[in-house]
Amino acid sequence: MNSQKIIIMRHANAKPSIPPPGLTDKDRPLSKKGWKELENLEKPTLKLFSEVTLVLCSSAVRTRQTLEGVMVHLSNVRQINYLDELYE
């Protein structure tokens with residue numbers, strides 16, 4: 001029997017929660033600290049990523065950027081779905 005796992009990951013550190021004029025909360029990008037967090041992920045976490053085959057990702061900028069930052073470790077992903085419903 002094939003066992004399946006669900007891995008839930010929160011986005012890395014984002015810029016302040018009050019976005020500048022013209023941007024919505026959904027448009028907030030990762031901060032420099034957030035990008036650094038992705039660079040410094042621990043080996044046990046990275047090992048989990050090798051088992052991922054399906055990604056459901058919020059359509060918010062910071063979550064898409066977080067996914068971008070770990071994509072190199074997602075070698076078995078067959079499908080990525082960006083969903084507005086995960087943001088709301």
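How many nonpolar, polar and charged residues does the lining of the largest pocket have? The lining has 16 nonpolar, eight polar and four charged residues. Ala, Val, Leu, Ile, Met, Phe, Trp, Tyr, Cys and Pro count as nonpolar, Asp, Glu, Lys and Arg as charged, and the others, Gly among them, as polar.

This is a predicted model, in which local features need pLDDT of at least 70, side-chain atom pairs count only at pLDDT 80 or more, and totals for chains, interfaces and linings use all residues. Residues are numbered from 1 along each chain as its sequence is written, and side-chain values use heavy atoms, with hydrogens and water left out.

**View 1. The whole chain has four helices and two strands.** From the N terminus, the order is α-α-β-α-β-α. Helices (H or I, at least four residues) and strands (E, at least two) are DSSP runs, numbered from the N terminus. The C-alpha trace spans about 50 × 30 × 15 Å along its principal axes. Of the 88 residues, 28% count as buried. Buried means under 20% relative accessible area, exposed over 50%, and partly exposed in between (1.4 Å probe, protein chains only). Among contacts with a separation of 6 or more, 66% join residues 24 or more positions apart. A contact means heavy atoms within 4.5 Å.

**View 2. Twelve residues make up the largest nonpolar core.** Among them are Ala12, Leu30, Leu46, Phe49, Cys57 and Val77. Two or more core residues come from each of α2 (43-49), β1 (54-58) and α3 (61-70). Such a core is a set of buried Ala, Val, Leu, Ile, Met, Phe, Trp, Tyr and Cys residues joined through side-chain atoms within 4.5 Å. Leaving out residues up to four places away in sequence, Leu46 touches Leu41 and His73.

**View 3. Helix α3 is mostly covered.** Seven of its ten residues are buried. These are Val61, Arg62, Thr63, Gln65, Thr66, Leu67 and Val70. Their cover includes α1 (32-39), α2, β1, β2 (79-83) and α4.

**View 4. Thr66 sits in helix α3.** Thr66 counts as buried because its relative accessibility is 4%. A polar atom of the Thr66 side chain lies 2.8 Å from the backbone oxygen of Arg62. Beyond four places in sequence, Thr66 touches Met9, Arg10, His11, Ala12, Leu30 and Leu38.

**View 5. The largest pocket has a volume of about 950 Å³.** Its lining comprises 28 residues. Ile7, Ile8, Leu54, Val55 and Leu56 lie nearest the pocket centre. Strand β1 gives the most to the lining, with five residues. α2, β1, α3 and α4 each supply at least two. On a 1 Å grid over the protein atoms alone, a pocket is an open set of points where a 1.4 Å probe fits, with protein on both sides within 12 Å along at least five of seven lines; lining residues have an atom within 4 Å of a point. Grid points are joined across faces, edges and corners, and the volume is the space filled by probe spheres set on the points.

**View 6. Leu86 lies in helix α4 (residues 84-87).** Leu86 counts as partly exposed because its relative accessibility is 46%. Beyond four places in sequence, Leu86 is in contact with Leu56, Cys57 and Ser58. Leu86 and Leu41 are 45 residues apart in sequence and 23 Å apart in space, C-alpha to C-alpha.

Key:
A polar contact is a pair of N or O atoms within 3.5 Å; within protein, one must be able to donate a hydrogen and the other to accept it, and residues adjacent in sequence count only if both atoms are side-chain atoms.
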